[in-house]
Amino acid sequence: MAATVLITPVANAQTCKSFSSCEEAVRSYRSGNSRLDRDKDGVPCESLCGKNGERMR
């Protein structure tokens with residue numbers, strides 16, 4: 001009998017520290033990684049994207 005291995009999407013396993021750009025963080029956030037927006041203001045990883053999202057694309 002063969003075993004099936006399910007792989008969790010990487011986007012949900014990453015934290016802001018694991019990204020090198022705001023673009024990467026936004027891509028992960030839009031893929032469902034809501035943990036990247038701790039204050040729920042729609043801006044993920046404010047350390048990368050700016051407090052008001054000024055570096056978001």
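R27 and E23 form a salt bridge, with 3.2 Å between the closest N and O atoms. The model is a predicted one, and it holds three salt bridges. D39, E46 and K51 are linked in a network of salt bridges.

**The R27–E23 pair**
- R27 and E23 both belong to helix 1, which spans residues 22–30.
- The two positions are four residues apart, so about one helical turn separates R27 from E23.
- R27 has a relative accessibility of 48% and counts as partly exposed, because the exposed class begins over 50%.
- E23 is also partly exposed, its relative accessible area being 43%.

**The D39–K51 pair**
- A salt bridge joins the side chains of D39 and K51, at an N to O distance of 3.4 Å.
- This pair links distant parts of the chain, its members being 12 residues apart.
- D39 sits in the loop between helix 1 and helix 2 (46–49), while K51 lies in the segment after helix 2.
- With a relative accessibility of 38%, D39 is partly exposed.

**The E46–K51 pair**
- K51 forms a salt bridge with E46 as well, and the closest N and O atoms are 3.4 Å apart.
- E46 has a relative accessibility of 21%, so it counts as partly exposed rather than buried, a class that requires a value under 20%.

**The network**
- K51 pairs with D39 and with E46, and the three residues make up a salt-bridge network.

Methods:
Residues are numbered from 1 along each chain as its sequence is written. This is a predicted model: local features need pLDDT of at least 70, side-chain atom pairs count only at pLDDT 80 or more; totals for chains, interfaces and linings use all residues. Side-chain values use heavy atoms; hydrogens and water are left out. A salt bridge is a side-chain nitrogen of Lys or Arg within 4 Å of a carboxyl oxygen of Asp or Glu. Buried means under 20% relative accessible area, exposed over 50%, partly exposed in between (1.4 Å probe, protein chains only).
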